[in-house]
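Welcome to this short briefing. Take a look at the sequence and structure below, then follow the topics one by one.

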Amino acid sequence: MSESQVPSSPQIGGIGDFLRFLLSEMKPKGNLITPFNVISSIIVAVGLVLIVIRFVYGIGSITNLDQDNPWGIWIGFDVVTGVAMAGGAYVMTFIVYILGRKRYHAIVRSVVLNGFLAYLFYAGALMLDLGRPWNIINPIIGNNFGVSSVLFLVAWHFMLYMAAELIEFSPAIAEWLGMKRLRKILGGLTIASVIFGITLSTLHQSGLGALFLMAESKIHPLWYTEFIPVLFLVSSVFAGLSMVILEGSLSHKVFADRVSKDLHHRHDDITIGLGKICAGAMFVYFFLKVLVLIHGQQWDMLMTGWGAWFLVELIGFVLVPLALFFRAVREENVKMVKVAAALALTGIILNRINISVIAFNWFAENPYTPHWAEYWVTATIICLEIWALRWIVNRMPVLGDPPAWARNMDH
Amino acid sequence: MERRDFLRNLCIAGASAVGVAAAGEAGAARQKKEFVSVLVDTTRCIGCRNCEVACATENGLPIPDNKDKTVFENIRDMTPDQWTVVNRFDTDDGEIFVKKQCMHCNQAACSTACLTQAMYKTENGPVIWRAGKCMGCRFCMVSCPFVVPKFEYHSANPKIQKCILCYERLEDGGIPACVESCPVDALQFGSRREMVRIAQNRVADYPDQYEDHIYGQDEVGGTGWLYLSAVPFDQIGFRDDLSHEPVPELTQNFLYAVPVVFLLWPAFLNGMRYIKTEEDEEAQIEEVYNPGDES
């Protein structure tokens, strides 16, 4: 724990000092002209133009959505898949704060930050898909509560969960700003917001699946089941953790100078441990999927083209990564854990896109395929999120150790 | 004890006021009007498309040219500015014309799906859409088993468009514009109970002319629009595989589980955490009693 890793916190003398500190922190750090910066700037610049076009000429101007396919990849990928992948935050806070597994403590901040940003940007991307976003105030202020709607539940849980995650992360902000008393208060809120956050996550991860329950007559029977909510919840556990594994090893390299020694030493150990949990969760998920398939008595459908596609998802991207996770954990093979995580994540993308887009209106003569601008805007959102993540990680104690004064504030 | 008496009286007054209000509500519920309904007899329809014109006129939509018979060459769907269409089907029984529009389900999936109550099942039966509440999420479109609500994809201020069963005309004691325009009584308007009875009688009286199936009587728990046909309904563009269970019931179990999870989960998590802390303390105590015991 060398001093260089402790982020410089401002010596607050007065409001003037504080503002000067904020202003200096606003400036970008490091080399501006990097391949990533150039490419992402182009993506964002074009993406912003596309977004302007969308708001002037309507959603149909840059998407291929139609009357039969009202939801495309902005919902199916950005929101439905994005939230599953952000599930790592509630799983990690459960492991660290409820089960008390301290060895994962070093990554919990970065996981919560990633979760929060994912919700902020991907749920924020929802605003682009809303035809009349100015009326989003209605379900919030309560003049029109559609309480019978699953979407009402999901929307509220998104908002509340974002608040819970912000509180969970807020000690890092206070440490960055050098606000000791605030840090102590915010640290005291962590457990409550963790418990609240896990509860909210349980409900809205499954709730995202429940959104599709009323579309029984439109979703292919191999994917439609009354157990969609349970499947969504269970799969969010390993989807979230797989994301933590991949994202963790990536930011470990990218932000090498910000990583604490402690985390650096434990990183492989943590990755193997997460792989073990993934293996368990995936086993439960696979078991449930097979159980639903048997229960539905739809063996004959497996012989169709749709059945083949279903098996690609179930065997190639559930069973194979499941076996890989088990093997990797037994052999303590970090690399194999990462391969398994990548396959598992692909499987999650496939599953969510299948239910919300591909197997939705499967009988349609002209199936929906996304407009290039739909992909582009999605890429824009991802770039913006990475910018935000990078800005925060380079300033606040996320991967590194908190400042010395904050180290013994919890417990 | 004047003050206590006063309070007590106030409480009694309050309670009785609530009681009266509740009783009044219950009374109103009992007197609630039956859902309205339209019976479509497809054996009578001649494909004149007067209903399309009447609908457009009533709702301020572009007026279709009903002299143009080429439209029948393709099966058409409703659009944001055409809330009803008449299609022609070539069946075992020759050409059959079928009018299509929102079915106004008894338990509407769209209104259940709506998180702002913009899509709204009125107590008379019409399902209406309210611009000031809608946020354009299109969950109603995802949920509707008949793919009825249409969205204006090319507008900066898009609306959800669909038949609203001329609910304003109904409030003034009128009948829907399309029904009024029908020259051959293929459309009949009345209470749902009455329309079901008429349809049943017609099927019973002329078993050779009709399929023994009133479409909409049981589909998705019953719809406001009912159809009679001479041929099986899958030949005239209807899905015959829809469940008789109301669509909103598909999410009911999930929604019932929400408050239970919301109350039990935090308590359970807290309990787990408590046990874990206890365990840690036990371990510490043990360490104090057995110092140097490394295993």
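Domain bounds here come from an automatic or database domain assignment. This is a predicted model, in which local features need pLDDT of at least 70 and side-chain atom pairs count only at pLDDT 80 or more, while totals for chains, interfaces and linings use all residues. Residues are numbered from 1 along each chain as its sequence is written, and chains are lettered from A and ligands numbered from 1 in the order in which they are written.

**Domains**

- In chain B, the assignment gives domain 1 (32–109 + 141–246) and domain 2 (248–290).
- The C-alpha centres of these two domains of chain B are 53 Å apart.
- For chain A, the assignment gives domain 1 (33–62) and domain 2 (63–364).
- The C-alpha centres of domain 1 and domain 2 of chain A are separated by 26 Å.
- Where these two domains of chain A touch, five residues come from domain 1 and four residues from domain 2; two residues are in contact if their C-beta atoms, placed from the backbone, lie within 7 Å.
- On the domain 1 side of that contact in chain A there are three nonpolar residues, one polar and one charged. In this scheme Ala, Val, Leu, Ile, Met, Phe, Trp, Tyr, Cys and Pro count as nonpolar, Asp, Glu, Lys and Arg as charged, and the others, Gly among them, as polar.

**Chain A as a whole**

- Chain A has 14 helices and zero strands. Helices (H or I, at least four residues) and strands (E, at least two) are DSSP runs, numbered from the N terminus.
- The radius of gyration of chain A is 22 Å, close to the 22 Å that the globule rule gives for 411 residues, so chain A is as compact as a globular protein of that length. This radius is taken over C-alpha atoms, and the globule rule is 2.2 Å times the number of residues to the power 0.38.
- The C-alpha trace of chain A spans about 70 × 55 × 45 Å along its principal axes.
- Of the 411 residues in chain A, 47% are buried. A residue is buried if 20 or more other C-beta atoms lie within 10 Å of its own, exposed if 12 or fewer, and partly exposed in between, with C-beta atoms placed from the backbone.
- Among contacts in chain A with a separation of 6 or more, 81% involve residues 24 or more positions apart.

- Helix α2 (residues 35–57) of chain A has 23 residues and should span 33 Å at 1.5 Å a residue, which agrees with the 33 Å between its end C-alpha atoms. The expected span is 1.5 Å times one less than the number of residues.
- Gly305(A) belongs to helix α12 (residues 305–331) of chain A.
- Is Gly305(A) buried or exposed? Gly305(A) is exposed, because it has 7 other C-beta atoms within 10 Å.

**The nonpolar core**

- A nonpolar core is a set of buried Ala, Val, Leu, Ile, Met, Phe, Trp, Tyr and Cys residues joined through C-beta atoms within 7 Å.
- The largest nonpolar core has 187 residues, and Met92(A), Leu151(A), Cys278(A), Met282(A) and Phe325(A) touch the most other members.
- Helix α5 (residues 105–129) of chain A gives the most to this core, with 15 residues.
- Beyond its neighbours within four places in sequence, Leu151(A) has contacts that include Leu211(A), and also Ala113(B) and Phe139(B).

- Chain B has eight helices and nine strands.
- Buried residues account for 36% of the 295 residues of chain B.
- Most residues other than glycine have a negative phi, and most peptide bonds are trans.
- Arg49(B) is not a glycine, yet has a positive phi of about 60°.
- Arg49(B) sits in the loop between β1 (36–41) and α2 (50–59) of chain B, and is buried because 24 other C-beta atoms lie within 10 Å.
- Val220(B), also not a glycine, has a positive phi of about 40°.
- Val220(B) lies in the loop between α7 (192–205) and β9 (225–228) of chain B, and is buried, with 26 other C-beta atoms within 10 Å.
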